[in-house]
Amino acid sequence: MGFYLNPGNKGFWESVRSKIYVDKTGLIADTNEFINTEEKFICVSRPRRFGKSMAVKMLAAYYSRGCDSADLFQGFQIEKNGKFKEHLNQYDVVYLNMQQFLIEASAGNVTEYLEQEVLEELREEYGGLLKERDTGLAAALRRIYVKTDRQFVFLVDEWDCVMRERQESETLQKQYLDFLWNLFKDQPYVALAYMTGILPVKKYGQHSALNMFWEYSMTDQGVFEEYTGFTEDEVKSLCKQYDMDFAGISNWYDGYVFRQFKHIYNPRSVVAAMKSRNFSNYWTATETYEALKIYMDMDFDGLRQDIVRMLGGERVRVNTFSFQNDMHNFRTKDDILTLLIHLGYLGYDSEKKETFIPNKEIIGEFENAMSVGGWTEVMHVLKASEQLLEATLNGDEESVARGLDRAHTEVASILTYNDENLLGCAIGLAYYSARKDYRLIREFPAGHGFADVVFLPLPHTKMPALVVELKYDKTADSAIRQIRDRNYTQALEGYTGEILLVGISYRKTAADKPHSCIIEKIKK
């Protein structure tokens, strides 16, 4: 057993011994299906804190020759799979943490240092076959394969750190990609290559050396959806075990959407919340808001407005295909939005081609980034939102109308405020502070139609629900009538308590009082 060659099962042993471990061994069954097929080159990209390294340690424990991991997997999902023993500890595993090589290697010599370190362990294991000291890594692996018929499983963690942390060095990037191409492309010793990082691999300028890899990213995780984060059922089980409020966990950490699994949770934050028994922003423990602010402040037409719309609860259309899969070359706002999807700051609905801010934890990151300058108008609206919510709960219609007038004035330079859809966005922004006690739902299916905005109180808050109907160039009375006539409150199934019906009207021609508001209280 070595550090790079057949690293064994200690990393996974530590994972399963942790206080909270969620069984993700089903991932192994999927990778087994790809061994020695055209799909054996896999690149799975996810944001930080989404369990990438833990998955690699698990695969190392399963495939590494020279250790017996059968007992370690006892009782887990993979043990029930018919092919569990077929591949268990049957391969020489080469484990490469590229972050380590990047830190330890002298400038520009990352691949040379990597080859030196791995070849040293290969010579210890296969010294009789590798007599020439100047043999390169790929040549050494071919010789071992020819003489022993042994294949290798390659596990590459943080594969893209060269691209992320050496953004300006195109020479180093090309050298690194050429090295990976030579190591993997058409090499018979490769049984499986599993790389993981934050960014996909497809396009880096004109250099597409790794086109043999199948990509599974935050825009399409494919068969790996279930293993990207925690699923809804897994989180419900944890909430029951640790006596935590599931609605609160959902509000804070849910929001990532895939084709099959519509509710994927940030796993590290869920674990942290369970351990501390406290809902909080755990994102900042591994990354500061400055990383987000750099991209928010980039001067691309429409980017600022899209961010404000998403803060107001809207989704925006995005073209993810123009993104060059790096953190340096941006051409449009869609490139920035796509990068934020890969970094985990935005969720993405691949069926609707829409992006959005996924949860309360990430909303806090956007607020932190805006608070240090450049977003003055928006921050004024957010700070005033507490008073607006209080006025609404007190039924103070005049104060609500005045608060909306001020919010309109503050964001008028950013939002095109001329229809009910954008009016709804501005309302979501103006009621920003409500998200600590409510779950905001746009276009909520209700009665015989859709309520524009519904604020569902979290179970522990004992707050009234809010059903908001918006009218552009019509009266607030007509908004209230629509709520009643279409029986929107009927959709609040399971909710008992007070409901505030809030009718809001905006008249563009009314310069003195463009907004009007009517608030009615009912019991359900």
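Q: What makes R49 count as sitting over the ring of W283?
A: This is a predicted model, and in it the charged end of R49 is 3.7 Å from the centre of the W283 ring.

Q: Why is the pair of W159 and Y176 called stacked?
A: Look at the angle of the planes, which is 20°. Planes under 30 degrees apart count as stacked, so this pair gets the label. The ring centres are 6.5 Å apart. As for where the partners are, W159 is in the loop between β3 and α8, while Y176 is in helix α9, 17 residues apart.

Q: How do you know whether W159 is buried or exposed?
A: Its relative accessibility is 0%, and buried means under 20%, so W159 counts as buried.

Q: And what about Y176, buried or exposed?
A: With a relative accessible area of 1%, Y176 is under the 20% limit, so Y176 is buried too. Y176 also turns up in a separate core of 46 residues, along with V110, L210 and F213.

Q: What makes the pair of Y216 and F224 edge-to-face or stacked?
A: Here the planes are at 90°. Anything over 60 degrees is edge-to-face, so that is the name for this pair. The centres are 4.8 Å apart, and both residues are buried.

Q: Why do β3 and β4 count as paired strands?
A: Two strands need at least two bridges, and β3 (residues 152–157) and β4 (residues 190–197) have six, so they pair. The sense is parallel, and L155 stands opposite Y194 in β4.

Q: What makes β2 and β5 the edge strands of their sheet?
A: The open sheet runs in the order β2-β3-β4-β1-β5. Each of β2 (92–97) and β5 (214–216) pairs on one side only.

Q: Which helices pack on this sheet, and which strands do they touch?
A: Helix α2 (residues 26–34) touches β1, β4 and β5. Helix α9 (residues 170–184) touches β1, β3 and β4.

Q: Which residues have the most contacts inside the largest nonpolar core?
A: That core has 73 residues, and the ones with the most contacts are F366, V378 and F455. Helix α17 gives the largest share, seven residues. Leaving aside neighbours within four places in sequence, F366 is in contact with residues including L292, M296 and Y345.

Note on methods. Residues are numbered from 1 along each chain as its sequence is written. This is a predicted model: local features need pLDDT of at least 70, side-chain atom pairs count only at pLDDT 80 or more; totals for chains, interfaces and linings use all residues. Side-chain values use heavy atoms; hydrogens and water are left out. Helices (H or I, at least four residues) and strands (E, at least two) are DSSP runs, numbered from the N terminus. Contact means heavy atoms within 4.5 Å. Axes are lines fitted to C-alpha atoms, for helices over the stretch in contact, and angles run from 0 to 180 degrees between N-to-C directions. A nonpolar core is a set of buried Ala, Val, Leu, Ile, Met, Phe, Trp, Tyr and Cys residues joined through side-chain atoms within 4.5 Å. Buried means under 20% relative accessible area, exposed over 50%, partly exposed in between (1.4 Å probe, protein chains only). Rings of Phe, Tyr and Trp (its six-membered ring) pair if their centres lie within 6.5 Å; planes under 30 degrees apart count as stacked, over 60 as edge-to-face and the rest as tilted. A charge sits over a ring if NZ of Lys or CZ of Arg is within 6 Å of the ring centre and within 35 degrees of the ring normal.
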